[in-house]
Amino acid sequence: MSKTDGAASDRRPKLAMPRVPSVPTVPGLSRRQQYSAATRKALIKAAGQLFAVRGYAATSLDAIVSEAKVTKGALYHHFAGKQGIFEAVLTDLEDQAARQISKAMKGVKDPWDQARAGLMAFLEVLREPAYSRLVVHEAPTVLGPRATDREDRSTFGVIREVVANVLGGADAEGLDPQMQETFSRIFFGALAAAGDAIVESTDPAAATQRVEAAFAMLFDGMRTLTGAARPATESVSGS
């Protein structure tokens with residue numbers, strides 16, 4: 001090959017390569033495993049941002065891989081399609097929410113105060129646009145009945161535990177599991193509706209104060225009612 005041919009070949013346009021996600025060093029994992037985990041994380045982050053802004057229907061796989069700066073082949077290596085990556089985004093949001101609620105309740109000894117702290121933390125979660133749009137509104141449409149199954153294993157599971165702590169114990173005369181489930185659904189639905197009202201309000205701060213005050217009154221009233229049975233119990237135990 002002549003020098004001229006070599007020079008010409010050097011001037012050929014180079015193909016643009018997809019950006020390789022940054023790979024943190026994780027002890028015990030091979031370089032390939034770390035790269036795979038970083039790619040999956042980048043895809044979930046990109047998809048979550050796009051779904052939250054555009055919605056599920058208006059977000060394409062091409063847009064997701066472009067935002068994540070990976071190939072479509074990399075996406076299909078981790079997910080079967082758009083619904084698969086949508087579910088991964090939901091899992092990420094629900095796990096974050098469950099951790100946030102658990103953190104708010106940690107260290108609070110009184111069951112009623114703990115319940116109030118947990119429900120108020122969940123209200124904060126519902127005010128987050130991504131959670132409100134994707135978990136509360138989009139998931140039931142995209143996933144159908146499976147969306148409820150997901151909730152039962154995540155945030156609703158935490159709410160159910162909170163309700164069981166205050167309504168399933170001796171102070172509440174041990175409400176049966178079916179009634180506890182009913183109360184849990186009522187609280188969960190009421191909080192979701194309250195979260196929507198706050199997000200849609202022209203004055204979110206004032207709306208938040210009203211909602212928190214309303215739930216505080218509700219809890220105080222329930223605590224007073226369940227406390228009515230305490231004197232009899234205490235007198236029996238003290239006799």
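Mentor: An angle counts as roughly parallel under 35 degrees, roughly antiparallel over 145, roughly perpendicular from 65 to 115, and oblique for the rest. This is a predicted model: local features need pLDDT of at least 70, side-chain atom pairs count only at pLDDT 80 or more, and totals for chains, interfaces and linings use all residues. Residues are numbered from 1 along each chain as its sequence is written, and side-chain values use heavy atoms, leaving out hydrogens and water.

Trainee: What elements does the chain hold?

Mentor: It has 12 helices and 0 strands. Helices are DSSP runs of H or I, at least four residues; strands are runs of E, at least two; both are numbered from the N terminus.

Trainee: What are H2 and H7 to each other: parallel or perpendicular?

Mentor: The axes of H2 (residues 31-54) and H7 (residues 129-143) cross at roughly 80 degrees and come within 9 Å. That angle lies in the 65 to 115 range. H2 and H7 are therefore roughly perpendicular.

Trainee: Which residues make the contact?

Mentor: H2 supplies Gly48, Phe51, Ala52, Val53 and Arg54; H7 supplies Ala130, Arg133 and Leu134. Contact means heavy atoms within 4.5 Å. These residues divide into 5 nonpolar, 1 polar and 2 charged.

Trainee: Phe51 is in that contact. Which residues have the most contacts inside the largest nonpolar core?

Mentor: Leu43, Phe51, Ile64 and Phe122. That core has 59 residues. H5 gives the most to it, with 10 residues.

Trainee: What does Phe122 touch beyond its neighbours within four places in sequence?

Mentor: Phe122 is in contact with Ile101, Tyr131, Thr155, Ile159, Phe188 and Leu191.

Trainee: Now Glu94, in helix H5. Buried or exposed?

Mentor: Its relative accessibility is 5%. Buried means under 20% relative accessible area, exposed over 50%, and partly exposed in between (1.4 Å probe, protein chains only). So Glu94 counts as buried.

Trainee: What is in contact with Glu94, leaving aside neighbours within four places in sequence?

Mentor: Tyr131, Val135, Arg150, Ser154 and Thr155.

Trainee: What makes Asp95 partly exposed?

Mentor: Asp95 is in helix H5 (residues 82-105). Its relative accessible area is 37%. That lies between 20% and 50%, so Asp95 is partly exposed.

Trainee: How far is Asp95 from Thr155?

Mentor: They are 60 residues apart in sequence and 7.9 Å apart in space, C-alpha to C-alpha.

Trainee: How many of the chain's residues count as buried?

Mentor: Of the 239 residues, 37% count as buried.

Technical notes
Axes are lines fitted to C-alpha atoms, for helices over the stretch in contact, and angles run from 0 to 180 degrees between N-to-C directions. Ala, Val, Leu, Ile, Met, Phe, Trp, Tyr, Cys and Pro count as nonpolar, Asp, Glu, Lys and Arg as charged, and the others, Gly among them, as polar. A nonpolar core is a set of buried Ala, Val, Leu, Ile, Met, Phe, Trp, Tyr and Cys residues joined through side-chain atoms within 4.5 Å.
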